[in-house]
Amino acid sequence: MSIASNVIDENTKLGTARGLLREKLAANGIYYSNSDSIFQLVRRWNLKYADISFNTPYSGDIYAGAQISVGATVTDSSTDDPISGMPITVVSGGRTYDLVTGNDGVASLTLTVGEIGTTFQGTVYAGKSSDSWSYKVPAFADFSDYAGYGDTGDYEIVKYPSSITHTFEIVEVSYSENYNLTKQVTSGSVVMAIPKVYTNGIGGTNGIHMSVALRQKKDSNQGWGDCIALVNSKSLSHYRDTKILELGAYPGKHGSRYSGTDHVVRDLNVVSSQLTLDSQQYYFDLYYDNGYFKATIRTGPTPFYSYEADISDKITFDTFYPAIIIYEAGGHIQFESIYVEQWTHEEE
């Protein structure tokens, strides 16, 4: 028999074996790719006897342009040791990605989330198991953070003037972890902590709910302000930039304020009453939807401050950034948690 005949014969046998393996995998509900070699098909079968942990996204991970890691980890079911060389397949966006686990047992792929309103979906296949996801891409991502497991690196610090000093750390307060944000006590200055997930801002026609559990701190007897806010810009040319909508605490007062292109702070609804400083934790909730505004401050389930109105004649946004702010001659604020989500006034 010639060499050519031997090659044809071997290829025929391999093709037959590959076909039989595919039939066996299909009969046992095990995913395989048409491009798999005979060795990869065997490994697909062996995945039956391994432990598989999937890495697929949560809804809170999804926003336009987000980089999402998906895949699976394969380990020996007896020893928990990672298994390398195991085939994993990801199907997303009309494309199929064939991956192989590395020495750490991990097969991973990074996908980019599409535009607002599109659907980001896919499936990871590993042996008989699979894990799927499907999310409509929202206008912006939800953000939930607690200082107890948080990271100051999750926030972008914006300040004016840029030369003022600040600190941002996690400290223990009354047996709980809190973010501790301080700034140099200087009039005409501001420090903002903005979650990095919103580094590109949020379209101004979107509705938002921002909730922060915080403690008011006073490091100065001069004029000061601590607040949660929506701000128009991160490129500051003034300590109160072009548009700010805030819910805050001030010397002897608390409530809602705003400023426009003239940088002048104006009251929406401010009442005379000093919030307890240093020790009391408050829950600040700011709601805004394309000109409609609602705000509450509470220590328990019942608000002791609330305000609600259409303020579109006073302020609207093209883009906004949710921020925790110290400004003027204020110097200190602590917050235990922050939660940001989409909110629609009409659907409340």
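**Pairs and pockets**

Guide: Gladly! Let us start with one side chain: Lys-314 has a relative accessible area of 39%, so this residue is partly exposed. Please keep in mind that this is a predicted model.

Visitor: Which residue forms a salt bridge with Lys-314?

Guide: The general idea is that side chains of opposite charge can pair when their charged atoms come close. Here the partner of Lys-314 is Asp-313, and their closest N and O atoms are 3.5 Å apart. Asp-313 is exposed, because its relative accessible area of 62% is over the 50% cut-off. Elsewhere, salt bridges with shared partners join Asp-36, Arg-44 and Asp-98 into one network.

Visitor: How many salt bridges does a search of the whole structure find?

Guide: The search finds nine. One of them pairs Lys-217 with Asp-278, with 3.5 Å between the closest N and O atoms. This pair links distant parts of the chain, 61 residues apart: Lys-217 sits in the loop between β14 and β15, and Asp-278 in the loop between β18 and β19.

Visitor: Is Lys-217 buried or exposed?

Guide: Lys-217 has 14% relative accessibility, so it counts as buried. Asp-278, at 37%, counts as partly exposed.

Visitor: What salt bridge does Asp-267 form?

Guide: Asp-267 pairs with Arg-257, and the closest N and O atoms are 2.7 Å apart. Asp-267 belongs to strand β18 and Arg-257 to strand β17, 10 residues apart, and the pair links distant parts of the chain. Asp-267 counts as partly exposed at 44% relative accessibility, while Arg-257 counts as buried at 13%.

Visitor: Now for the pockets. What is the volume of the largest pocket?

Guide: In general, rolling a probe the size of a water molecule over the atoms shows where empty space is left. In this model, the largest pocket has a volume of about 210 Å³. Its lining has 15 residues, and Tyr-63, Ala-64, Ala-139, Asn-200 and Gly-201 lie nearest the centre. By class, nine of the lining residues are nonpolar, six are polar and none is charged.

Visitor: And which residues line the second largest pocket?

Guide: Among them are Asp-142, Asp-145, Tyr-149, Asp-154, Lys-196 and Tyr-339. That pocket has a volume of about 160 Å³. Strand β8, residues 143-146, gives the largest share of the lining, three residues. Sorted by class, the lining has four nonpolar, two polar and four charged residues.

How values were computed:
Residues numbered from 1 in each chain as written. Predicted model: local features only at pLDDT ≥ 70, side-chain atom pairs only at ≥ 80, totals over all residues. Heavy atoms only, no water. 1 Å grid on protein atoms, 1.4 Å probe; cavity = no way out; pocket = protein on both sides within 12 Å on 5 of 7 lines; lining within 4 Å. Points joined across faces, edges and corners; volume = space filled by probe spheres on them. Nonpolar A, V, L, I, M, F, W, Y, C, P; charged D, E, K, R; others polar. Helix = DSSP H or I, 4+ residues; strand = E, 2+ residues; numbered from the N terminus. Salt bridge = Lys/Arg side-chain N within 4 Å of Asp/Glu carboxyl O. Buried < 20%, exposed > 50% of the residue type's maximum accessible area, 1.4 Å probe, protein only.
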